[in-house]
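Dear colleague,

Please find below the structure I am handing over to you. My notes on what was found in it follow directly after.

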Amino acid sequence: MLMEKRYQSLSGNMFLQLVLDVTRTLCYLDMFNIGLMTGVAVSWWIGLGLATLYICYSKILCMYKTQNQFMRSLYDGAFIEQSLLLNTQFDIHTNNRTNRFRENGMTAMVYLCSTMWHETNNEMKDNLISLFRLDRYRPKTEPKFKDFTFEAHIYFDDAFENVEGNQGCHLNKYAKNLIKILSEVYGTFINTDDSFFGNREQIPDWKILKTPYGGRLVVTMPHGNDILVHFKDKELIRIKKRSSLVMYLYYLLDWKLMTNHNRNFQEGQNENDLSNKILKMKKNTYLLALDGDTGFLPTDLQLLIDHLKMYPRVGSASGRIHPTGTGPAVWFQKFEYAAYHWFQKTSEHMFGSMLCSPGSCSLFRAEALMDDNVMEKFSTKSTEPKHYIQYDQGEDRFLTTLLLKQGWTVEYIDASNSYSTVPQNLKELCNQRRRWVPTTLVNTINLLSFTDKVSQRNSFMSTLYIFYQRFALFSVIVTPATTSFFIAGILSFLLNIHFAVALVIAVIPPAIYVGLCFKLKEDTQITVAAVLSTFYAFVMSVMTMTSVGSMMKEQTILTPSSIYVIPMQLFCILGAVMHPQEFSVLFYALFYIIFLPSADILLFIYAMVNMNCIYWGTRETKLADGTPNPAVNPQTVEPQKCWITELQKLSCGVELQEDSLSEEEGNYWKMLQDTFLQPFKNDKETNEKKQNDLQEFRNKISFWFFLLNVLWLLFLLIIKVFDIFPILIKIKIKETRGNPQTEYEDFTFFLGPVLLLFLQFIGMLCYRVYNFIDYTALLDTEAEQQNWKKKQS
């Protein structure tokens, strides 16, 4: 009918005759035409098969990036196979271009910067062994490598002390231990190296220098690379970790990288040539930030360097951190670190960019650090309560935030591994999280508050990724309330009581602990947390054992305990399967689950209430007024002995040559101290004002934090009590069993932590798939014999 209306101009039955004519034409087939069409089809398939075989056996990488493997990014959807075959680019130059860049490009300069303070002997030894191992891997003498060279720097905080009855500055016991271990490791690597075995006269002299910030020891390792140990005097320069970062950022990137070029410019060299040279130096200079207790292998550093060379917009890259140590606190952190790297870091890497490049082991690009508003902003002196938390307590996260705001991306390389000592007991763990939790929240909120500017500069920070981070931030903030609601569900099932009563019981311990944290000293707070942790561990142990009983009783897997535990266990098992080298970490999973409520509730409360305490906490010993430093033993220090003669005695026979800084470098350090690194003022009035401001800031932030958790708890309770949205909470299991209902808090967990974990699992899955593709693309597709013949020819 529609066709008749469309062709009303056709008279009579002419339209019908035309249709019949076309039909007879299309259907008129004889055996000749059928044979011809069959031959064409067979020939077409044979040609397609031969072309496919030719592609597979050609001397190209079968799996590589789309933009490098095909001439155009477009394809024909109707004939997709033919389009891809004809669009294939046989002369792929990416791999050769990469090799030429590595072989003929400028040799990269890597500065390894370790920050030390009160590390133990074993921790310092692991760090130094890594440096000496790298010296053997990339010697400065023959054989020389063109990919990178390096120089190691150690910045030792508060290295000097005054000894009663003696003149001059003396090294404290931690600095002395560093020199002893340095001499020990030096001798070990000389004795195990054939080129130095039995030839101790070949050992180069060490240099000792007095500097405006304290002192410097220059050690030349067996294969020619240098270690510079910078001893900081708190009377001359500001201490703590962020000040050490400011020291080596300006010293290495401003002084060592830029001074010679500025001198050449003053001598009249061409400005454009100098600018191009400086730009190349920036692109080929990297800084490896290390903690004093971190150990790594040279190949792990090589992976990070190759990644930054390959991707010029990556400002920083970090790898997998493995916790080391013994004890229950370490067992908890082993699985915590593994789950954090498996899920959160990989998902951030895939969805957008990492929000924190850890200071324990991360490689930074000099060009990114020298970008606008990075080094200068990072050197800002803390004057407000927010600054002490955002800048000083989490310097690595703050530096990452500055890089992201400038449009750089931060990525995660799980193939690169490092090993770092973690807190060994509950007190050290609480003090560490007291720094981590507030600074994480403050920096994340600060970054997300400038989403428009960040999205314009950083293409990796998409709208969906920012929404994901906001969702994750909200989930983290309401973690105490969500976990308490979960505990209430367990108590309601175990004690067979009304949920409202169980919720009151579950909320009482956190509420009491909040009040005690505002009144008691920190050590007492940690003691109370240990007692309450025992209660939570008992509840979680019983919950784990009764999960099966709960499902049997309710005749459904959708119980308050299983809806959260089963998906989390399933995701963790799958995560371990995808990381087979770390599968043994699953043995700590049960211990992690048992103490998870303590971490989500007690550690969170302790960190938020004590955010006004800005001292480092970990490894720190607070002294009473008038109490001598326990690190000093006056009986062991000879009279009139200064730190230079102490080093001479501790160097185990290696000659120390006294040297001095150039006048130009000395003036630079004085300028740097006056501008950014003036020592802290310890007058009573300043300290009291700072503490009062911090307490006021703590009270304001804590009020909104706990209010939000209370409102979230009430919101969940109202939905449960008044049975809001009943249709959404009915799940049909079997027709014979009716329609059993599941509690709304189950879906709260499903839409909250479990949904977040699910998204992170998708990110991890994508990350592992990309790793497999990259690994396959790097494999040689030619036979080994053909490769050998090609190399011989």
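**Findings**

By class, the residues that line the largest cavity comprise seven nonpolar, two polar and three charged ones. Please bear in mind that this is a predicted model, and that every value below was computed from it.

That cavity has a volume of about 70 Å³. Its lining consists of C113, T115, K241, L245, Y248, A289, L290, G359, F364, E395, D396 and L399.

**The chain as a whole**

The protein chain contains 31 helices and 13 strands. Of its 793 residues, 50% count as buried. Where contacts join residues at least 6 apart in sequence, 78% of them link residues at least 24 apart.

In soluble globular proteins, nonpolar side chains tend to be buried together. In this model, the largest nonpolar core has 68 residues, and F343, Y513 and I605 are those with the most contacts inside it. Helix α25 (residues 596-609) gives the most to this core, namely 11 residues. For F343, the contacts beyond its neighbours within four places in sequence are F571, C572, G575, L757, Q760, F761 and M764.

Helix α15 (residues 385-392) has seven of its eight residues buried, so it is largely enclosed by the rest of the structure. The buried residues in question are P385, H387, Y388, I389, Q390, Y391 and D392.

**Two individual residues**

I593 lies in helix α24 (residues 589-594). Is I593 buried or exposed? With a relative accessibility of 9%, I593 counts as buried, since the cut-off for buried is under 20%. Not counting residues up to four places away in sequence, I593 touches M540, M568 and Q569. Between I593 and F335, which are 258 residues apart in sequence, the C-alpha to C-alpha distance is 9.6 Å.

N709 is found in helix α28 (residues 684-721). N709 is buried as well, because its relative accessible area is 7%. Which residues does N709 touch, not counting those up to four places away in sequence? They are I477, V478, T479, P480 and A481. N709 and I477 are 232 residues apart along the chain, yet their C-alpha atoms are separated by 7.6 Å.

With kind regards

Notes
Residues are numbered from 1 along each chain as its sequence is written. This is a predicted model: local features need pLDDT of at least 70, side-chain atom pairs count only at pLDDT 80 or more; totals for chains, interfaces and linings use all residues. Side-chain values use heavy atoms; hydrogens and water are left out. On a 1 Å grid over the protein atoms alone, a cavity is a set of points where a 1.4 Å probe fits but cannot get out, and a pocket is an open set with protein on both sides within 12 Å along at least five of seven lines; lining residues have an atom within 4 Å of a point. Grid points are joined across faces, edges and corners, and a volume is the space filled by probe spheres set on the points. Ala, Val, Leu, Ile, Met, Phe, Trp, Tyr, Cys and Pro count as nonpolar, Asp, Glu, Lys and Arg as charged, and the others, Gly among them, as polar. A nonpolar core is a set of buried Ala, Val, Leu, Ile, Met, Phe, Trp, Tyr and Cys residues joined through side-chain atoms within 4.5 Å. Buried means under 20% relative accessible area, exposed over 50%, partly exposed in between (1.4 Å probe, protein chains only). Helices (H or I, at least four residues) and strands (E, at least two) are DSSP runs, numbered from the N terminus. Contact means heavy atoms within 4.5 Å.
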